[in-house]
Amino acid sequence: MKGININKEILDHYLVPKHIILNEKEKNELLQKLNISEQQLPKISINDPIVKLIGAKEGDVIKIIRKSHTAGESIYYRLVVKI
Amino acid sequence: MNLEEAKEILPPKLYNQLKTEISNLSLSESQKEKIIEEVIKAYKSSLVEPGEAIGVIAAQSISEPATQLTMRTYHVAGSVQVQVTLGLPRLIEIFDARREPSTPSMKIYLKKSYDTKEKAAEISRLIKEIRIKDIADEVIIDLVNNAVEININNSLMKHYDLTINKIVKKLEELLPKFKISNKENKIVIKSDSEEIDIKELQKLRTKVIDLYISGIKNIKQVIVSQENDRWVLNTVGSNLKDILNVNGIDISSIKTNNIHEIYEVLGIEAARNAIIEEASSTMRDQGLDVDIRYIMLVADMMTVDGDIKPIGRYGVAGAKGSVLARANFEETIKHLTHAAVVADEDRLESVVENVMINQIVPVGTGMFELLYKPKKKEKA
């Protein structure tokens with residue numbers, strides 16, 4: 001694929017926060033802690049460039065560590081879906 | 001309570017502040033604990049209460065100052081280089097999630113090793129979109145030979161680092177049905193077949209004038225300037241995807257005001273951050289002080305489903321679960337008939353539909369029910 005090297009550099013872009021794929025155990029713990037089903041989580045498209053780069057699959061939950069103006073750092077979760 | 005426990009409760013920024021403040025003071029352990037407890041108490045009391053209608057508050061907090069904006073949008077006098085949409089029109093553009101901003105622009109910084117005036121000028125020439133009209137003195141129709149002639153301006157061509165041969169090659173690619181020849185700084189385009197009338201020649205001329213030769217598409221103008229000891233390329237027009245392939249550009253700090261482009265190239269989270277940054281800077285530039293939390297809430301609502309949804313009937317408001325709530329907002333008949341056709345159901349879970357049927361609204365204390373379990377009296 002063209003431009004793969006450059007694609008990696010977008011992870012360093014100042015607008016892109018850190019994305020981490022949760023493993024099965026972490027995912028279940030999270031859903032239990034929040035007491036929700038995975039469909040209730042915010043979504044992220046499987047075609048999202050960052051999702052492609054970190055190699056997440058449909059049904060994975062991605063933990064996003066945002067830089068926040070108010071809290072310094074805040075954590076957000078998104079479920080990978082087909083849109 | 002000690003610092004470790006406080007770390008679990010407080011957000012990182014507050015925690016770090018507390019930690020440094022405490023270490024600066026010489027306090028006894030019990031005093032420290034008291035301070036930590038007070039901070040946690042103050043933090044908890046400043047949190048939004050469950051059931052608070054934050055959406056309405058955010059809507060008011062943004063739109064009240066925005067009404068002021070209509071009346072006094074500042075115009076930048078003297079037009080510093082580039083015209084950019086500001087004020088309320090720009091704000092509407094952001095929240096409507098328009099595909100193309102009315103004045104797309106980019107801000108490109110350079111890598112350290114490229115951060116010189118010469119390199120900046122070189123890159124600016126490299127990325128500017130060049131069409132025939134940018135390098136030609138004139139494009140004329142030669143009626144005698146049934147051909148279109150381009151008179152290339154030599155100095156312009158050198159300025160953009162092009163040669164006649166390059167242009168001819170490009171033209172051959174773009175116009176496969178025509179014979180292209182050149183002498184000195186003239187390019188002649190002739191039809192393969194002999195018969196071509198004036199009308200077609202005129203059409204061909206218009207087409208040739210606008211042919212794309214080199215550079216990056218949509219970058220209509222590049223202005224080089226210096227900001228805080230760094231060279232910056234301000235562009236008119238935006239094309240994030242192709243700019244990323246240019247050598248010497250600092251990818252980590254590149255900016256564009258086209259949010260859909262950011263979504264496509266950098267993903268949904270970057271798009272959310274871009275919405276927040278663009279909206280708050282637009283308001284700040286106009287002298288309005290809206291708390292960033294409201295804008296963050298709106299940006300979160302726009303991006304929660306993984307793509308950018310506008311605020312309005314095609315986006316956030318149109319995605320509401322309740323039929324009555326949608327019908328109440330806009331296009332009443334459309335929603336009601338559709339609901340009737342597919343036998344839709346309204347669970348009456350949200351605010352608007354409960355107002356309509358005169359029930360308690362699930363907001364504030366109306367959101368919760370009280371369950372009282374009396375203790376069994378112990379038998380004496």
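Colleague: What is the radius of gyration taken over, and what is the globule rule?

Modeller: The radius of gyration is taken over C-alpha atoms. The globule rule is 2.2 Å times the number of residues to the power 0.38. Keep in mind that this is a predicted model.

Colleague: What radius of gyration does chain B have, and what would a compact globule of 380 residues have?

Modeller: Chain B has 31 Å. A compact globule of 380 residues would have a value near 21 Å. Along the principal axes, the C-alpha atoms of chain B fill roughly 120 × 70 × 40 Å.

Colleague: How many helices and strands does chain B have?

Modeller: Chain B has 17 helices and 10 strands. Buried residues make up 39% of its 380 residues.

Colleague: How do I read one helix? Which residues of α6 in chain B are buried?

Modeller: Start with the general idea. An α-helix has 3.6 residues a turn, so residues three or four places apart point the same way. Now take helix α6, residues 117–127 of chain B. Its buried residues are Ala120(B), Ile123(B), Ser124(B) and Ile127(B). They sit on the same side of α6(B), because they cover an arc of only 105 degrees around the axis.

Colleague: Which residues are exposed on the other side of α6(B)?

Modeller: Glu118(B) and Leu126(B) are exposed there. Exposed means over 50% relative accessible area, and buried means under 20%.

Colleague: What do the buried residues of α6(B) pack against?

Modeller: They pack against four elements of chain B: β1 (105–109), β8 (221–227), β9 (230–236) and α11 (240–243).

Notes
Residues numbered from 1 in each chain as written. Chains lettered and ligands numbered in written order. Predicted model: local features only at pLDDT ≥ 70, side-chain atom pairs only at ≥ 80, totals over all residues. Heavy atoms only, no water. Helix = DSSP H or I, 4+ residues; strand = E, 2+ residues; numbered from the N terminus. Buried < 20%, exposed > 50% of the residue type's maximum accessible area, 1.4 Å probe, protein only. Arc of directions from axis to C-beta. Contact = heavy atoms within 4.5 Å.
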